[in-house]
Amino acid sequence: MKKTGFISIFFGLITFLSAPVVQAGTNEALAELLKALEANGTISSEITDLVLKVAEQGDTTKSPAIAKEEVEKIVHEEVRLATKDQPKINMKDKFEVTSGDGQFSMRVGGRIQADAATYSEDLRRQNDGTEMRRARLFVQGNLWDAWKYKLQYDLVNTGSSGIADAYIQYTDLPWDIKVGHFKQPFSLQNMTSSKYITFTERGLPHLFTPGRAIGAGVGRSEKNWSLNAGIFGEGIDGASGDEDEGFALGGRATYAPILNNNQHLHLGASFSYRDSGSIDSLSFSDRPESHVTNVREVSTGSFNADTNLRTVAEAAYTNGPFSLQSEYYYVDIDRDSSTLSDLVFSGYYVEGSWFFTDDMRNYSGNKGSYGRIKPKSVVGKGGIGAWQLAMRFSSVDLNDADITGGDAQNFSLGLNWFATNNIRLSANYINVLDVNGGAGDGDEPEAFQMRAQVEF
Amino acid sequence: MKKTGFISIFFGLITFLSAPVVQAGTNEALAELLKALEANGTISSEITDLVLKVAEQGDTTKSPAIAKEEVEKIVHEEVRLATKDQPKINMKDKFEVTSGDGQFSMRVGGRIQADAATYSEDLRRQNDGTEMRRARLFVQGNLWDAWKYKLQYDLVNTGSSGIADAYIQYTDLPWDIKVGHFKQPFSLQNMTSSKYITFTERGLPHLFTPGRAIGAGVGRSEKNWSLNAGIFGEGIDGASGDEDEGFALGGRATYAPILNNNQHLHLGASFSYRDSGSIDSLSFSDRPESHVTNVREVSTGSFNADTNLRTVAEAAYTNGPFSLQSEYYYVDIDRDSSTLSDLVFSGYYVEGSWFFTDDMRNYSGNKGSYGRIKPKSVVGKGGIGAWQLAMRFSSVDLNDADITGGDAQNFSLGLNWFATNNIRLSANYINVLDVNGGAGDGDEPEAFQMRAQVEF
Amino acid sequence: MKKTGFISIFFGLITFLSAPVVQAGTNEALAELLKALEANGTISSEITDLVLKVAEQGDTTKSPAIAKEEVEKIVHEEVRLATKDQPKINMKDKFEVTSGDGQFSMRVGGRIQADAATYSEDLRRQNDGTEMRRARLFVQGNLWDAWKYKLQYDLVNTGSSGIADAYIQYTDLPWDIKVGHFKQPFSLQNMTSSKYITFTERGLPHLFTPGRAIGAGVGRSEKNWSLNAGIFGEGIDGASGDEDEGFALGGRATYAPILNNNQHLHLGASFSYRDSGSIDSLSFSDRPESHVTNVREVSTGSFNADTNLRTVAEAAYTNGPFSLQSEYYYVDIDRDSSTLSDLVFSGYYVEGSWFFTDDMRNYSGNKGSYGRIKPKSVVGKGGIGAWQLAMRFSSVDLNDADITGGDAQNFSLGLNWFATNNIRLSANYINVLDVNGGAGDGDEPEAFQMRAQVEF
């Protein structure tokens with residue numbers, strides 16, 4: 001029996017001591033126990049020594065084994081630690097890399113807009129054909145958290161005139177500060193990217209919109225309003241000849257009194273006051289809302305302009321698939337002349353659109369402009385994309401005093417197919433209803449225009 | 001003895017119950033056993049309670065410890081899960097990022113081709129010098145799996161004329177659909193990238209090849225054949241003046257009846273039919289297969305062309321290091337005139353090449369063109385790269401009816417050194433054998449041309 | 001007792017055998033023991049079989065449980081292995097991806113420099129205004145370890161003239177080899193990137209510096225010295241007209257006898273010998289160290305030049321926040337004419353600068369030029385950036401023999417604010433002290449110039 005007892009104790013103790021759940025320090029208590037057993041003759045001293053030796057060896061692991069859950073926790077944490085400082089790469093819809101700490105990021109992207117158009121001519125010849133409307137690449141990013149930059153180039157243009165955005169921004173003050181070349185804040189259809197406007201071209205009175213320029217601006221926004229203002233030089237090149245550049249002051253305010261998932265109401269107003277600098281000349285002209293042709297529907301030609309004030313009132317309302325948008329432009333030109341009167345030009349457009357799929361225009365309240373349509377069903381993933389019908393009436397009056405640039409009205413129909421978040425195909429029909437005055441007087445062509453667009 | 005028994009059972013049971021291999025639920029069975037042992041007097045009720053208490057405590061861990069292999073499996077799986085949705089970044093030879101699910105990708109790449117040439121002049125002066133032949137950047141990618149895009153720009157050109165590729169592609173139908181600006185499918189040496197052609201310039205009759213244009217195309221291919229067709233406008237700008245653009249229909253078929261690791265035979269045919277639009281003018285000209293000089297070896301000048309049909313028959317055969325390639329071009333021009341006859345121009349080239357390292361030309365059967373040479377040994381990694389010798393005879397006849405553009409033959413020798421998959425250095429010797437007619441009549445210069453090329 | 005013995009042995013053995021610490025192979029020894037126990041009647045053969053069966057089952061785990069530390073080691077190693085071949089992405093200050101094996105890398109970066117300037121005019125009109133001075137994008141990388149490339153484009157320029165760097169480099173020889181379009185090695189202020197020069201424009205005698213060209217160069221450097229030499233063609237286009245390009249030989253040596261954390265002394269010398277090729281014409285001119293205006297402070301107009309040798313001696317010393325820098329240029333022009341004498345032009349500048357924050361200029365001994373300032377405190381991270389004051393006197397003499405380009409001296413004051421490693425704002429005041437001769441004779445305007453710069 002003693003033997004049995006020895007063996008069972010021996011195995012039992014060894015097993016116990018070397019079992020992973022045995023806490024370190026147990027050995028000392030067991031040594032006491034073994035000594036007691038040895039003292040009452042249950043076990044011999046050899047056994048005590050042997051058991052203790054085995055127990056000690058067992059104890060060399062020093063650490064307990066662990067449960068699967070604990071292992072999984074360790075692994076999870078270790079993997080998290082190993083990857084948390086790794087930059088995050090976003091691939092969906094856009095390529096953007098962000099540092100692990102979020103302080104630095106870079107995005108590389110662009111757009112392609114390939115057009116084809118044919119014209120039903122009236123008085124003047126229009127030129128049918130194809131055109132690469134825009135082919136842009138950009139790099140933008142964050143640096144040290146609060147600093148941003150963007151450099152965007154349109155490859156269809158030549159030299160510095162191809163530079164779209166080239167600016168630096170600081171975002172750690174109540175008002176963001178922007179320096180460089182960027183859009184002067186003006187008008188809803190202008191501040192809405194050409195990727196997201198409803199028709200292939202913006203409505204006629206867009207011709208009043210001041211272009212991008214080098215300047216400094218401040219901006220502030222919340223979820224449903226935005227305020228932007230800036231001072232701007234002229235263009236992107238150094239001044240030409242021996243003439244000083246002019247400068248402009250501009251600003252834009254937007255407010256969305258209604259802004260929820262299904263509905264939004266945009267109200268906005270912009271102004272741009274420009275002093276023309278040494279070269280007091282200005283001109284307004286535009287094609288018939290289709291850019292392939294080279295013929296201008298309206299054109300003032302170059303005229304004297306000391307200063308000019310451009311204003312626009314903006315409104316848009318969206319309710320689910322339906323949307324209405326309208327802007328009214330008013331331009332007052334001081335010709336600084338005793339013989340020539342001041343000039344007033346104006347224009348407006350009204351457009352309505354309807355998604356006949358379960359989609360909706362994407363309004364950004366803190367930018368006061370429209371953004372990317374993300375169709376609920378995607379072509380190539382079993383879906384049919386988003387389909388949108390649109391109508392527009394636009395009007396511009398460039399006749400005043402001695403200037404006869406033309407008073408013109410256009411009607412347009414548009415069909416947009418947003419196949420994926422990145423791909424859009426558009427077909428536009430534009431009918432020049434009437435042109436009164438100017439080189440296009442009485443010329444009422446029709447245009448049928450198509451566009452294939454990718455954004456990446 | 002009872003004590004011994006108690007101790008051994010006590011330790012044994014505790015150990016057993018708390019041992020990691022004990023499955024949850026064992027406790028209940030043990031409780032039954034303990035009750036039985038207690039009943040037959042082997043152990044007291046105090047022991048039963050104690051053992052059960054300890055067993056329960058042991059059971060609070062609830063989970064067994066696990067083996068190293070299992071830990072490794074967990075870790076492996078956890079790491080796999082943590083990284084499987086991570087974008088994959090390819091760096092070797094090209095920079096490409098692909099989303100974890102493979103639906104989105106972006107590649108940024110480009111090429112540099114820096115040339116220098118010197119000429120042994122004959123009748124006319126040629127201009128020695130250096131030239132950046134191509135300096136291209138591109139971004140291409142996948143969007144939502146089935147959609148692709150590419151935007152490639154050649155920095156040596158100005159404005160929109162620098163846009164090489166700018167297209168959108170949909171690949172989820174039996175025929176791929178492509179819209180935008182891309183190569184009109186025509187000729188083997190044309191569809192082979194300038195990075196991979198055997199000589200620094202394509203053979204003389206390449207002057208017949210229609211350039212890239214905005215259009216829409218369809219394509220289908222398998223391992224050893226390809227079919228492509230499209231309709232194209234003219235160039236990349238909108239139509240100029242008040243003239244309508246012309247349009248072209250084109251197509252190309254290729255088939256490789258032999259296609260294995262050591263041998264391939266390429267057969268192909270292409271055509272391009274173009275209606276010249278409002279401006280019925282056409283011209284063909286080319287330099288002497290070296291681009292640094294500005295002198296044209298042959299040139300028709302501008303002539304009237306209502307429509308033209310260009311065709312080419314293509315053949316190439318590669319057997320290990322040896323390769324032969326030839327194309328024959330035939331162009332028929334309808335001048336739509338009662339007084340001027342139609343014109344027929346033609347040309348061909350035959351080239352042979354031989355790798356004297358253990359390398360081979362890289363034919364792509366589903367594209368019907370040649371691709372990147374990946375030398376078996378790499379310079380900088382203990383290798384010598386791939387070395388290739390080449391010879392070419394090319395001929396073009398631009399004399400017909402009243403047009404005397406020149407009937408010219410060239411002989412060329414080439415040496416290519418593919419140092420790595422990305423780096424290529426080339427030396428070409430070109431001898432103008434004969435020019436009969438045109439501005440270059442009787443002028444038989446020689447050119448020695450070098451190129452350093454990197455592709456990334 | 002037997003029962004007790006059996007039970008205790010049974011549990012003890014099973015537990016022991018199935019305990020994770022039991023080494024494989026123990027079973028055989030135990031089988032021997034069980035047989036012995038069975039033989040002396042302690043246990044029955046059924047028990048032996050049962051124990052062995054259980055032991056065998058226990059043995060199927062085959063592996064012992066492991067301790068937490070070991071798990072952590074495994075996890076760490078597994079994560080390391082899983083990520084070690086992953087490309088490394090650097091986001092801080094610059095975006096760079098490097099393959100896991102370090103053989104391939106790609107960096108995408110650029111700079112924006114947006115300027116505005118106003119002039120206090122004297123004799124001639126200067127044009128106030130804004131200018132995008134530089135807007136550059138580049139891609140550079142490593143291929144197969146030893147090969148490098150860089151393609152950099154300045155978007156403010158047109159066509160191929162916008163190509164800054166476009167070269168291939170091989171770095172696995174004692175001397176690096178470079179082929180393509182890059183800076184001819186010449187002068188300290190020239191080899192220092194426009195991002196890092198002290199003033200917004202380089203000092204007047206920079207007009208003597210040969211521009212980038214296509215060529216081949218060799219270079220070697222250690223921590224505190226550099227040697228570069230090369231042979232170069234002219235510009236980046238093919239030769240124009242029917243004229244052969246000229247070529248240049250150039251070289252630069254730099255040495256920093258003092259180079260430690262707080263102090264450095266730069267000494268250097270460069271030369272460029274150019275044969276003008278078929279078109280023997282040369283001209284030197286420059287604006288008044290402010291680039292917005294189009295007026296040239298000095299200008300030789302075009303003159304005959306068969307060959308010319310340009311040399312420059314360079315010196316700079318930095319001690320903590322203080323720095324002095326000066327270069328002397330000497331140009332000798334051979335007009336290869338019996339009637340026209342050779343020409344000698346010269347110039348120099350001296351500039352001093354002082355950081356009144358705890359910052360220092362960043363000298364690179366192996367490049368022999370200045371690099372990026374990394375301010376010790378960063379704006380937007382609670383810091384104020386680095387602030388630097390600078391003064392410069394520069395002089396150039398373009399009057400010699402029949403050429404009267406002007407002998408001019410400028411004094412400049414500069415204030416630089418390095419807000420972060422990437423953002424720099426500069427304000428410069430330039431006073432044209434004197435111009436003697438040439439179109440600008442006696443015209444002493446002042447310029448106030450500002451720049452916003454981002455580098456990414």
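This is a predicted model: local features need pLDDT of at least 70, side-chain atom pairs count only at pLDDT 80 or more; totals for chains, interfaces and linings use all residues.
Me: At what angle do the axes of helix 4 of chain B and helix 4 of chain C cross?
Reply: Helices are DSSP runs (H or I, at least four residues), numbered from the N terminus. Their axes are lines fitted to C-alpha atoms over the stretch in contact, with angles from 0 to 180 degrees between N-to-C directions. This pair crosses at roughly 40 degrees, with axes that come within 10 Å. The two helices are therefore oblique (under 35 degrees is roughly parallel, over 145 roughly antiparallel, 65 to 115 roughly perpendicular, the rest oblique).

Me: Which residues of helix 4 of chain A and helix 4 of chain B make the contact?
Reply: Start with the geometry. These axes also come within 10 Å and cross at roughly 40 degrees. The crossing is right-handed. Contact means C-beta atoms, placed from the backbone, within 7 Å. Chain A brings residues including A:Val71, A:Val75 and A:Val79; among those of chain B are B:Val71, B:Ile74 and B:Val75. By class, the contact has eight nonpolar, two polar and two charged residues (nonpolar: Ala, Val, Leu, Ile, Met, Phe, Trp, Tyr, Cys, Pro; charged: Asp, Glu, Lys, Arg; polar: the others, Gly among them).

Me: How far apart are the axes of helix 4 of chain A and helix 4 of chain C?
Reply: They are 10 Å apart, at an angle of about 40 degrees. This crossing is right-handed.

Me: Which residues touch the most other members of the largest nonpolar core?
Reply: In soluble globular proteins, nonpolar side chains tend to be buried together. A core joins buried Ala, Val, Leu, Ile, Met, Phe, Trp, Tyr and Cys through C-beta atoms within 7 Å. Buried means 20 or more other C-beta atoms within 10 Å; exposed, 12 or fewer; partly exposed, in between. This core has 183 residues, and A:Ile168, B:Ile168 and C:Ile168 touch the most other members. Beyond its sequence neighbours within four places, A:Ile168 contacts residues including A:Trp147 and C:Ile112.

Me: Why is C:Lys88 called partly exposed?
Reply: Because 17 other C-beta atoms lie within 10 Å.

Methods:
Residues are numbered from 1 along each chain as its sequence is written. Chains are lettered from A and ligands numbered from 1 in the order in which they are written. A crossing is left-handed if the near helix is turned anticlockwise from the far one by less than a right angle, and right-handed if clockwise. Two residues are in contact if their C-beta atoms, placed from the backbone, lie within 7 Å.
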